[in-house]
Structures are given as structure tokens and as C-alpha cells.
Amino acid sequence: MPLQYNEYYNEKTGLTIGLKKLLYSKQTDYQLVEVYETDTWGNLMTIDGMVMLSERDEFVYHEMLSHVAMFTHPEPKRVLIIGGGDGGTAREVLKHPSVEWVDMVEIDEAVVEASQLHMPDVGDFENKKLNVLFEDGINFVKNVQNPYDVIIIDGSDPVGPAEGLFEKDFYQLCFDALGDDGVLTTQTESPWVESYHPSMKKVFGALEDIFEISKMYLSFIPLYPAGMWSMGFASKKYDPLSSDVNERIDAHKDILNTLKYYNKDIHTGSFALPNFVSEIIR
Ligand code: SPD
């Protein structure tokens, strides 16, 4: 095992993490799933050599992907998570008392296995409201009969099995799988990494064409390329920047007290984009 994990996002430029031990390694039909013990970030899960999450910084990604959607919808009861096999997004979604049912559709059982074995605090897999399905999320959304209030796309990077999660057809299927007031969030890569720009343009172009309201928002995740991470928000009816949303956040102190990144100011502030970022999707 090498002493350092390196993820290069441009030629020889990238991220370095000190490693102590390889804890899990499985080549599945879809991808190589690995978990390492690191010197700084707790246990780290990678897929095909790309960081998915570390125990120490995962809260930023999972709180931001979940609560921006969950607080924007006034009463999210049925939630669909595409991907998210480590369980972190479901954990955050399940904090909302209105939630009655969560379907989490993960293509690769090894992601759930690796998380349960080596990141036991990330998921809430015993929760009775959580239904874990192992199948292709794109096929799953084609056949949704009972619409969802919220859909969250917690996929990997736009290479390999997650490539389809950056296509317009997929977002049309998600739109069709949502109720009349449905809300969606999706992970959309780093604005600093130029090779991701085509995928970002494709997703935000699709969201704008398909949904009434669409926006990009940002969070800061140290182990993702260049540390700045974008997410997409789309909605048929509810504006994430309305005063109703602020009131709803204020009314849920019980949830907010469990969070380490998301709060009312972060919710609003995350939609403020630097000029070079808005340029990418203009
Ligand atoms: N390169 C980072 C891409 C992040 C995608 N999702 C991570 C999964 C965490 N639930």
C-alpha cells in the first residue's frame, strides 16, 4: 500500500492524504471501492481512485445536499436518494420529522458494505423508514409510480457508472418522478476543475429547461478537488430563498442542533456565487 493517496485533477496537480492502512478493497462489476485509514481525516472511501467521503469532512457534503432541499419543501414525506450508498445523505434526510419513507437506490452493494464496516457512524441503516435498493438509479426513475416530494442525486463523478446522472434525459425522468411541488438537489462537481465544466453546463442547462426554479449553490469540502464544491437545486414551485424557508429553518432547532455546517445563514449564503462560477453556467 502506498504511504499517500493522491487524486490528480489536472496533470500533476491534486490532493494528497497520508495513509495508515488499507481497510477494504473490492473490484465490483461497476468500480473499485476502497477504504483507507488516514493520518488526518479518519477513514476515507474512494471509488476508482476518487475521494467519495472521509469520516471527518463528510458532514459538509451530506448536510448541504440534504437540508437545502428538505427545508425548502414545506412537508417532505417521500424522499428518493439516487446513489448515496454510504448512508450519509439518508441520515440527514431522516432527521426531518415529516419524512415517512426514503428509497435509497444504490447501484453497488459494496459501497453500503464498506460504509457499514468501516464508517459505522455515517449511515442510519437500521432506520425503519429507510428502504435500500440495489439497482441502477436511472432505470429506477423510469418506473416511479408514486411520486416523491424530494429527490436527491448523491452520485459519483461524471465518469463510469455515474455519467448518466449528468444528462438532460435523466433530469426529465426525475421531474416526472416528482409531485407537483417537488424539489431536487444534485451534486455538480468543482468549479475550479475545468474538465468538469462540460458536465456542469449540461446539468444546469437541463435544470433550467425543465424546472420552474433552478439555481447553483456552493459548499466547501476540503477533500474534494480544489475544496469548493457546487450543487444544483431545482424545484417545481418553492423558492429556496423565500422567507417561508427561513421561518421553517428557525422552527426546527432540534435538527439544527445536530448539524455542524448547515444553518439559516449558510442556506441563504450558499446561493451567492462568485462571478467566475456563474460564468461557467451562464
Ligand atoms: N469527487 C467527489 C464526488 C462526490 C460524489 N459523492 C460522494 C458520495 C458521498 N455520499
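The ligand is surrounded by Val51, Met52, Tyr61, His62, Asp86, Asp154, Gly155, Asp157, Gln187, Tyr224 and Trp229, where a residue counts as near a molecule or strand if one of its heavy atoms lies within 4 Å of it. This is a predicted model, in which local features need pLDDT of at least 70 and side-chain atom pairs count only at pLDDT 80 or more, while totals for chains, interfaces and linings use all residues. Residues are numbered from 1 along each chain as its sequence is written, and side-chain values use heavy atoms, with hydrogens and water left out.

**Ligand site**

- Polar contacts are pairs of N or O atoms within 3.5 Å; within protein, one must be able to donate a hydrogen and the other to accept it, and residues adjacent in sequence count only if both atoms are side-chain atoms.
- A polar backbone atom of Val51 is 3.3 Å from a nitrogen atom of the ligand.
- Asp86 places a polar side-chain atom 2.6 Å from a ligand nitrogen atom, and Asp154 has a polar side-chain atom 2.9 Å from a nitrogen atom of the ligand.
- The protein buries 98% of the 340 Å² that the ligand exposes when taken alone (Shrake-Rupley method, 1.4 Å probe; for residues, only the protein chains shown count as cover).
- His62, one of the surrounding residues, lies in helix α1 and counts as buried at 1% relative accessibility (buried is under 20% relative accessible area, exposed over 50%, partly exposed in between; 1.4 Å probe, protein chains only).
- Leaving aside residues up to four places away in sequence, His62 touches Leu53, Asp86, Gly88, Thr89, Arg91, Glu92 and Asp154 (contact means heavy atoms within 4.5 Å).

**Five-stranded sheet**

- Helices (H or I, at least four residues) and strands (E, at least two) are DSSP runs, numbered from the N terminus; two strands pair if DSSP finds at least two bridges between them.
- An open sheet of 5 strands has the order β1-β2-β3-β4-β5 and antiparallel pairing.
- Its edges are β1 (4-10) and β5 (50-54), each with a single partner strand, so one side of each has no neighbour in the sheet.
- On average, neighbouring strands of this sheet are turned by 45° against each other, direction ignored (axes are lines fitted to C-alpha atoms, for helices over the stretch in contact, and angles run from 0 to 180 degrees between N-to-C directions).
- Antiparallel strands β3 (residues 32-38) and β4 (residues 43-47) are joined by 5 bridges, and Glu37 stands opposite Asn43 in β4.
- Val35 sits in strand β3 and is buried, with a relative accessible area of 0%; among the residues it touches are Leu23, Leu44, Ala114 and His118.

**Helix α3**

- Helix α3 (residues 109-118) lies across β2 (13-27), β3 and β4, at about 95° to β2.
- Ala110, Val111, Val112, Ala114, Ser115 and His118 are the buried residues of α3; they pack against β2, β3, β4, β7 (101-106) and β8 (130-134).

**Seven-stranded sheet**

- An open sheet of 7 strands has mixed pairing and the order β8-β7-β6-β9-β10-β12-β11.
- Edge strands β8 and β11 (213-220) each pair on one side only.
- Neighbouring strands here are turned by 15° against each other on average, direction ignored.
- Strands β9 (residues 148-154) and β10 (residues 178-187) pair in the parallel sense over 5 bridges; Tyr148 has Leu178 as its bridge partner in β10.
- Helix α1 (residues 58-72) lies across β6 (78-83), β9, β10, β11 and β12 (228-235), at about 160° to β9.
- Helix α5 (residues 168-177) lies across β6, β9 and β10, running at about 140° to β10.
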